[in-house]
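The following paragraphs lead through a structure from its overall surface to a single element. Please keep the sequence and the model in view while reading.

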Amino acid sequence: MVETILFYGFAALILISALLMIIAPNIYHSALFLALCLFGVAGIYVVLNSYFLAGIQVLVYIGAVVVLALFVINLTRRILDVDSDQHNEQLLPAVIISGLTAFLIISAVLKTNWGTMIAHRVAQDNTALTGRLLLNEFVLPFEIVSVLLLAALIGAISIVAGDKGAQK
Amino acid sequence: MTTQELLEKIKGKIQIVESKEDLGVLNITVSKSALKNSIASLKDDFGFDHMNFMTAIDLPADSCIEAVYRLYSNTTKDSIVIKVKLDRKEPKTDSVAGIFRTANWHERETAEMFGIEFAGHPDPRRFLLTEDIINPLRKDFTHPDFNPMPKV
Amino acid sequence: MDFKKLLWDLFYDTGKPLSQFYAWAHNLWMQTGLPGFILDVFFQLVIAVVIAVFIALNAIWIIYYERKFAALLQIRKGPNRVGPFGLFQTVADTVKMLLKEDINPDKSDILTFWAAPFIIFAASFGVFLVIPFGNGLIAGDVNIGMLYVLAISGLAVIGILSAGFGSNSKYSLIGGLRSAAQVISYEIPMVLTVLAVVMLAGSLKMSDIVAAQTGNPLKWYFIPQIVGLVLFLIAGNAEINRGPFDLPEAESELVSGFITEYSGMKFAMFFLAEYTNLFLTSALAATLFLGGWQGPFLPPVVWFMLKTYFIVTILMWARWTFPRIRVDHLMAFSWKILLPIALLNLLITAFLIKVI
Amino acid sequence: MNNYSNIPLQASNNGADEYILNMGPQHPSTHGVLRLVLKLEGETVKDIVPDLGYVHRGLEKLFENRAYGQIIPYLDRTDYLSAMNNEWAYVMAVEKLMAIEVPQRAEFMRVIFAELNRIMSHLLWYSAYGMDVGALTPLLYAFREREEIIDMVEAACGGRLTHNYYRIGGFRQDLPKGFFDMLKKFISHFNDKVDEYEALLINNVIFMKRAQGVGVLKKETAINYGVTGPNLRASGADIDLRKQDAYGVYGRLDFKACLRDNGDTWDRCKARMAEMRESLKILKQCMDMIPEGEVMAKVPKIIKPAAGEVYTRVEGPKGEVGVYIVSDGTEKPYRIKLRQPSFSNLSVIKEITIGHKIADLVAIMGSLDVIIPEIDR
């Protein structure tokens, strides 16, 4: 009962904020609504008893990704132009790409046999479980992903540093 | 160094129109065209490396404005005053801001106070005053808002 | 019922009488046949109100304390006019704030301008959920406690950036950007030091971390983690943007940083959040390194407050003594000094845990 | 509104990272009403244009309508932190013009008050500078000692900020009883206090990191810009007017000019700290050497100098305080020009701040120790 109410509440939050994010004329507002949307997703995780995932969702997606987006908006917009135009000329490619993505998602949804996929109720304290899984069964993918991220990090640093060197 | 010695020394390099001693300091007057060269020469050849100030004096009786430059040498501890007489109606002279960079602001202030135009000044904007006050340090300056104190 | 025992329990083992009361109330509620979650929601609202009142009172006290403490350091008297020893000075200031005109600057972005103080305040408000004030005196002992703290307190950055953006002032913008950069940079050494403690305790849960340190002061984590404590204090102080890391509101450079355009109640919200954050950082330091509410003789709540205010005093001392650090030094300090030390600390801790 | 019509600054439009920041005239760290228009890239200062004149009072015009004796109080209001140094420069000029011999006791008193003023000014600089770099406590520490000096000055002349004590030919009145006891007490403990200031702010690691190597002012540049005072000596130029001109009785006193080598912000701070100690030495000597006697020379009732012009200067706390008087033989001066140190000291700011951060700009501005009424006059 409670879970159902919470689920629909968070789902509504996600959908509404996602919609607002798309139609907001101000790009900064869009980013804020994105944060709200991601917060709703974290709420869904809480409803599903995945506290760890919820925490990570807030920490990484809101605390890092959205903040980075806000940061970039603050840095790149013309300082005193409050509204920046979000309409661009590349309407056709945008329509094609989003259409393809929508097709992918919808077909995936349709092909999945939802009836047999009732979630197993995970243990209450699944944080330790997650940790154990990550470092035992899935240690190889975990490490590969971290190496990949490290490479990306070093690449980013080298791009920035190389740019500075060229300026001097 | 006494002023006489100093005068003898600089005579060769600088064309002096008039010179006098005033309380132990040599006062020389140079012509408008020779001003820039004189000051450059005093700085480079005679070691006058410090410009104390630059200002002007309005002399309506002679219908001229005197620009006054005061230089000081940190090594020989001599002072010298260079004066140049400018036409009061259209005061115009060369800027020495290229030689002494401190002259930049001093000249801007003087230009504003006396209406002198400094040719070749790097930044000839108004400096301290608002636009409506023109040449306040000239002797004949009046301001519409100025009410003199009643005589008691 | 034994009244004396109840009193003892309330002071020393607060969780037990509270859970008994909850069970009793729950039973009573269930007899009415209404769904149980309504009662839970009601209790949660009560907890929220209690926390809000606590935040307000605490902020009033902590501001007074800071002013008096600063006065002590600066050989002056501090507030001494309103009430006995100037105790009501902050109350008077708060009333003044409430009555002041709330100005929206021209061309400000109303949504972000208004949202910013609330986001910042909500972030610091949310962290109170997992602060263990005493034995069992914890609003929600979630099993990701420390992670929750980091995640929620990280939300304040959005508020700060929004304040910088929404004010439509360059000073605010620079302040907001500075602050965000600072908070993000210092979050990393902070997480790493917290991680070392979490490894020692073997749990993210706050009550577990406190319990792992036991009542014996020699077992508190400030002994194995003395480096961690120092790192945590530095990083925590930087996270809450207080001197010597008060660059975002650096008065002499940016007027008041991201708070420049705020006035009235919204300004007060920023202040409230600042002092709440000060309290929270100190409370976390006390919980993680000084054994939380544990201690002999005195009730746990008193111990907790004593420890917290001890840390608060240290942070205030630093604020009123040091000059402000420069922005690029600040970044370099985080990335080049704090981060390697924190990593090393984490490594050594992990190594020692495995060996011993 | 982008009202920078008279400011020759333009943020380049192609890159979005350059912008104009208007700092002042009401800003916590511009020391009065100075407006700086900055061109910034991120936080780095690309260009800087000072906009002055917000407190211009037309003093030089006022002087032309005042008798010689009436001018002294106005001078207190230029550099109000070292009023007596300004007065000294002026009365010295008139005395030189009229060839008045000042009594010995007055000469020593002038040195005492000039040095007290110097310490006062440096103390206020120290406290304000602490605020500039974000340390709030130095303010109170320095004001504690400044208060003692002000009490002394108040005992002597009745004024705490604007003294109006020097007169053409000497002093308004002799020192009060007990003045030297106060002075002795002050001298006995002030040296320790300077140590305390250095420990609290100047030698703090955070501050040293901020100040060292920042805003380097080369000796040649400094002289070319007419920078004087501690700012110049911090760059390594051995120029102290108390030594160069040896006016008053400075020739008979033993002290040294406080030189530093690098000319950065930190050196300027250190130079001032050392100068306070030197001033203390001078005060000690004056206390021993001061003779009894008159404090006022024989001066005619109506001061009417002969026609001529004179320029005298003293070493104020901020640098060369000069007064240029053109007299036409009447009882009012024909023209007075005040040459004050902050005017030239501030003009160098563009030279030494470009390429630094805003935080450094504040630190450099503070270390130059400018005071706006001196520039605007």
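**From surface to helix**

Chain C of this predicted model has an accessible surface of about 15,300 Å², and carbon and sulfur atoms account for 75% of that area. Accessible areas follow the Shrake-Rupley method with a 1.4 Å probe, and for residues only the protein chains shown count as cover. Residues are numbered from 1 along each chain as its sequence is written, chains are lettered from A and ligands numbered from 1 in the order in which they are written, and side-chain values use heavy atoms, without hydrogens and water. Local features need pLDDT of at least 70 and side-chain atom pairs pLDDT 80 or more, whereas totals for chains, interfaces and linings use all residues.

The chain contains 14 helices and 0 strands, where helices (H or I, at least four residues) and strands (E, at least two) are DSSP runs numbered from the N terminus. Its radius of gyration, 21 Å, is close to the 21 Å that the globule rule gives for 356 residues, so chain C is as compact as a globular protein of that length; the radius is taken over C-alpha atoms, and the rule is 2.2 Å times the number of residues to the power 0.38.

Of the 356 residues, 55% are buried, meaning under 20% relative accessible area (1.4 Å probe, protein chains only). Helix α9 (residues 206-213) of chain C contributes M206(C), I209(C), V210(C) and Q213(C) to the buried residues. Seen down the axis of α9(C), these fall within an arc of 95 degrees, so they line one face of the helix; the arc is that of the directions from the helix axis to the C-beta atoms. They pack against α6 (145-154), α8 (170-201) and α12 (264-289) of chain C, with contact meaning heavy atoms within 4.5 Å.

Key:
Buried means under 20% relative accessible area, exposed over 50%, partly exposed in between (1.4 Å probe, protein chains only).
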